[in-house]
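Have the sequence at hand as you read.

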Amino acid sequence: MTTLVLLPGMDGTGELFSPFADAVEAKTRIVRYPASPPLAYAELEAFAAAELPADEPYVLLGESFSGPIALSIAAKQPPQLRGIVLCCSFARNPRPIPALLSGLVNRLPDRPPVGLLLWFLAGRFATPELRQALTRALAKIPPATLRARMAAVLGINVVSLPPSLSVPLLYLRAVEDRVVPATASRLILEHVPNGRVVDFVAPHFLLQTVPREAASVVDEFVREAGSAR
């Protein structure tokens with residue numbers, strides 16, 4: 001059986017995967033990043049790579065923040081990797097800002113207002129349950145770690161990696177995403193001949209708001225990728 005390995009969004013806890021993990025049929029393994037000390041993308045990639053199955057096939061799903069990590073791992077062509085799924089993710093900073101403004105990351109409040117954050121991440125799909133789940137996840141992350149991950153996104157650029165992928169790629173795109181624009185998926189897929197995109201009427205929190213619909217698509221991809229060899 002092909003395992004679905006889940007790399008979490010910026011919170012890194014993996015807690016927000018619960019609705020999707022409950023809906024998906026594939027066997028799953030959730031990678032949970034250390035809350036501290038703050039780790040750079042390269043260090044998080046090494047951590048994630050160490051958590052991957054060594055003796056069974058797997059598909060790697062990178063949600064949002066973790067897309068560059070999934071791409072970097074896949075570019076090294078590990079022998080058991082069968083496919084890669086990117087969910088509302090990117091190969092470089094999806095919202096470039098002037099360098100002079102990048103320093104504002106360190107001036108953000110220790111705990112960003114959950115209501116405002118939920119508006120960006122879930123929009124009209126927000127629910128009290130999702131607000132509670134987001135609040136719990138953020139409470140587990142030190143402010144310094146959250147700032148470090150935000151700063152890492154500003155500087156990430158792995159655009160050169162997609163052409164080296166040797167496995168199929170599936171991109172889950174949210175048509176109401178306020179965080180990652182459609183240009184991010186196009187930038188990746190224009191370099192991946194065996195890649196495809198599936199659109200969902202959903203916000204950036206795609207796996208959290210339409211988990212059953214996403215699980216159906218991902219399960220099919222996992223089955224196809226697992227039987228391709």
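The protein chain folds into 10 helices and 6 strands, where helices (H or I, at least four residues) and strands (E, at least two) are DSSP runs numbered from the N terminus. This is a predicted model, in which local features need pLDDT of at least 70, side-chain atom pairs count only at pLDDT 80 or more, and totals for chains, interfaces and linings use all residues. Residues are numbered from 1 along each chain as its sequence is written, and side-chain values use heavy atoms, leaving out hydrogens and water.

Along its principal axes, the C-alpha trace of the protein chain spans about 50 × 35 × 30 Å. Of the 229 residues, 52% count as buried, meaning under 20% relative accessible area with a 1.4 Å probe, protein chains only.

Now look inside. The largest nonpolar core holds 36 residues, and Ile69, Leu71, Ile84 and Leu169 have the most contacts inside it. Such a core is a set of buried Ala, Val, Leu, Ile, Met, Phe, Trp, Tyr and Cys residues joined through side-chain atoms within 4.5 Å. Among the elements giving it two or more residues are strand S1 (3–7), helix H3 (67–75) and strand S5 (169–174). H3 gives the most, with 5 residues. Leaving aside residues up to four places away in sequence, Ile69 touches Leu7, Tyr33, Tyr41, Leu44, Glu45 and Ala48; contact means heavy atoms within 4.5 Å. Apart from this core lies another, of 27 residues, among them Val24, Leu61, Val85 and Cys88.

Finally, find helix H10 (residues 211–226). Its buried residues include Pro211, Val218 and Phe221.

Methods
Buried means under 20% relative accessible area, exposed over 50%, partly exposed in between (1.4 Å probe, protein chains only). The expected span of a helix is 1.5 Å times one less than its number of residues.
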